[in-house]
Amino acid sequence: MRPAPTILHLDMDAFFAAAEQAAKPSLRGKPVVVGGIGVRGVVSTASYEARVFGVRSAMPTAQARRLCPNAAYLAPRFSLYRQVSEVVMELLHALSPLVEPLSLDEAFVDLEAGGVPPRTAAARAVGEQLRRDIRSATGLTGSVGLAGAKMLAKIASEAAKPNGLVVIEPGTERELLGPMTVRTLPGVGPATAETLRRAGIHTVAETAEAGEAELVRLLGRAHGAGLYTMALGRDDRPVVAERDAKSISVEDTFEVDLTDRTRVRGEVLRLADRCVQRLRAAGRSGRTVVIKVRNYDFSTLTRSETLRGPTDDPAVIREAAVRLLETVDTTGGVRLLGVGVSGLADFTQEDLFAQAATEREAEEAERAAKAAAELSGGGAAAPEAEERPRRWDPGRDVLHDEYGAGWVQGSGVGRVTVRFETPWSAPGRVRTFAVEDPALRPGEPLPLVGGGPADGQSSEPAILPKSWSPEPGEDTGSVGEEISSR
C-alpha cells in the first residue's frame with residue numbers, strides 16, 4: 001500500500017455509446033444502446049440517457065427495447081472503438097511506462113514509475129490534465145480514480161462517473177469502504193453476494209467484522225482470505241505493463257438456430273478466418289485450435305486439437321476447425337459458434353498439414369460461396385455482390401456517390417434509411433434507398449475529432465459531468481480531502 005495516491009485508474013464513460021454519439025450529431029443527448037440488435041442480442045453499452053430508463057449492460061436487447069423503446073439501437077463498430085482506444089492508450093503511455101490495459105476503455109497507470117512525485121497534489125494535476133487531453137484528442141470523456149492501491153483506484157473511478165475525478169487519500173480506505181455494498185469489492189459476483197447475504201453480511205464493514213475464519217468457512221480458503229484482505233482496504237498488487245493473452249477467439253450468436261450442416265460449416269470457416277485476422281494483428285501464432293458450440297437447449301461443448309507447432313496459417317486453422325466440427329452433432333440446432341486458438345507463441349513453425357491445407361483452401365472457399373448462394377435462393381453469386389454487406393445493420397458506416405458519408409438508421413422490406421452526417425457536422429438529413437442501390441456502399445468510420453469548430457463540430461463533451469470539476473488554475477487543494485472523507 002502506497003503512502004500517496006499514485007495509482008491511477010481510467011475508465012472511459014459509456015465508451016461504445018459515447019463514441020456513437022460523438023460520431024452521430026443527431027444522437028447527442030439522446031438514449032443510445034450498442035449491442036446485439038437481434039432477438040437474442042445483449043446490450044454491450046448503454047448511454048447515460050438510456051440508463052435513466054433502467055437499461056444496463058448484459059441485459060437482453062429485447063428487454064431494453066421494452067424499457068426504452070425510443071432509444072437508438074446500434075450494432076457495435078469495433079474498428080472505431082479500437083481507433084479511439086489506441087489514442088487513449090498512447091496518452092497513458094506518455095504518463096508512465098507501467099500501463100496495464102484491462103479492456104479497450106480501461107487501464108491502470110503507475111504514476112510514480114513515470115516520475116510523478118508521490119504527493120496528492122501532483123497526482124491530481126496529472127489526472128486532471130489526462131482528462132483534458134482525452135477530451136481534446138477523442139471528443140469523449142473519461143473518469144479517473146487515484147489511490148494507493150489498484151482496487152481502491154478502480155472504486156474511485158467508479159465513484160467519479162461520469163466525467164469526474166476522485167481521490168482516495170491513503171489512510172481513509174476503511175472509513176470510505178465500510179458503508180459500501182459488498183458487491184463493490186472485486187471478485188464478488190451475484191453468487192458470492194448471495195452466500196454472504198444469507199450469513200447476514202451486506203456491507204464491506206460487515207465483511208471485515210466477520211473475520212477471516214468465517215469468510216474462509218463460507219467461501220473457501222483462497223476466496224475467503226482474499227476477500228477479507230480487500231475488506232480491510234489492502235491491495236498490494238503492482239501495475240503490470242504486459243498482460244499476456246492466453247488465447248484469441250471469436251464467436252457469434254445467431255438469431256435463428258442453425259440446423260443446416262452446410263451452413264454451420266460455412267460459419268465455422270468464416271469464424272476461423274476472423275480468428276486468424278486477430279491472431280495476425282496481435283503478431284502471434286498458436287498451436288491449439290478450439291471450437292465452441294452452444295446447442296438449441298443452451299448446452300455448450302468445446303473440442304480442441306493441438307497441432308505439431310504454432311501456426312497462423314488460415315488454411316491450417318480452417319481445416320482443424322472443420323475436423324473438430326465433424327465430431328459434434330449439430331442436428332438439433334446451433335445457437336452459438338466460436339473458434340479460438342490457444343498455446344500462443346511469437347513465432348510460426350512449418351506445420352506438416354499446411355501444404356495439403358493450402359491446396360484445399362481455394363476449393364473450400366468456392367464450396368462455401370456456393371453454399372451461401374444456395375441458402376440465399378440464388379445461383380452463383382456475382383463477384384461484386386460478395387463485397388456487399390449481408391445486411392445493413394443500424395449504425396453501420398456507408399458512403400453514397402452523391403450524398404457522401406452517413407450511417408444506416410434502419411432497413412427493411414428492401415429499403416435502407418441513411419442519415420447523412422459526420423462527427424463534425426450539424427445533424428444531417430435522412431434519405432431512403434433500395435438496399436441494392438449501386439450508389440450506396442459500406443464505408444469506414446470517420447475520426448471523431450478532425451473537422452474542428454470551423455467545420456461545425458460541437459464543442460460539448462459526449463458525457464456531461466456528474467458534479468463540479470475544477471478548471472485549470474482553480475484551487476483544488478481541499479477537494480481530495482473532502483472526497484476521501486465522504
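Figure 1. Glu-421 is placed in the loop between strand S15 (415-420) and strand S16 (429-434); helices (H or I, at least four residues) and strands (E, at least two) are DSSP runs, numbered from the N terminus. This is a predicted model, in which local features need pLDDT of at least 70 and side-chain atom pairs count only at pLDDT 80 or more, while totals for chains, interfaces and linings use all residues. Residues are numbered from 1 along each chain as its sequence is written, and side-chain values use heavy atoms, with hydrogens and water left out. Glu-421 is buried but has no salt bridge, and the nearest side chain of opposite charge, Arg-419, is 4.6 Å away. Buried means under 20% relative accessible area, exposed over 50%, and partly exposed in between (1.4 Å probe, protein chains only). A salt bridge is a side-chain nitrogen of Lys or Arg within 4 Å of a carboxyl oxygen of Asp or Glu. For charge, Lys and Arg count as positive and Asp and Glu as negative, whereas His and the chain ends are not counted. A polar atom of the Glu-421 side chain lies 2.9 Å from the backbone nitrogen of Gly-428. Leaving aside neighbours within four places in sequence, the residues in contact with Glu-421 include Lys-24, Pro-25, Trp-407 and Ala-426; contact means heavy atoms within 4.5 Å.

**Figure 2. Ala-426 in the loop between S15 and S16****.** Ala-426 is exposed, with a relative accessible area of 52%. Not counting residues up to four places away in sequence, Ala-426 touches Pro-25 and Glu-421. The C-alpha atoms of Ala-426 and Lys-24 are separated by 9.1 Å, although these residues are 402 residues apart along the chain.

**Figure 3. Helix H1 (residues 15-23) and its cover****.** Helix H1 is mostly covered, as nine of its nine residues are buried. Among them are Phe-15, Phe-16, Glu-20 and Gln-21. The cover over the buried residues of H1 includes strand S1 (7-12), strand S2 (32-35), strand S3 (43-46) and helix H4 (78-95).

**Figure 4. A nonpolar surface patch of Val-52, Phe-53 and Leu-67****.** Together these three residues have about 300 Å² of accessible area. Accessible areas come from the Shrake-Rupley method with a 1.4 Å probe; for residues, only the protein chains shown count as cover. Patches are made of residues with over 30% relative accessible area and no salt bridge, with like charges joined within 9 Å and nonpolar side chains (Val, Leu, Ile, Met, Phe, Trp, Tyr) within 5 Å. Val-52 lies in the loop between helix H2 (48-51) and helix H3 (61-67). Val-52 is exposed, with a relative accessible area of 68%.

**Figure 5. Salt bridges between parts of the chain.** The structure holds 24 salt bridges. One of them joins the side chains of Glu-112 and Arg-2 at 3.9 Å, N to O. This pair links distant parts of the chain, 110 residues apart: Glu-112 is in the loop between strand S6 (106-110) and helix H5 (120-138), and Arg-2 is in the segment before S1. Glu-112 is partly exposed at 34% relative accessibility, and Arg-2 is partly exposed at 22%. Asp-11 and Lys-161 also meet in a salt bridge (3.8 Å, N to O). Asp-11 lies in strand S1 and Lys-161 in the loop between helix H6 (150-160) and strand S8 (165-167), so the pair ties together parts 150 residues apart in sequence. Both Asp-11 and Lys-161 are buried.

Terms used. Polar contact = N/O pair within 3.5 Å; in protein donor to acceptor, adjacent residues only side chain to side chain.
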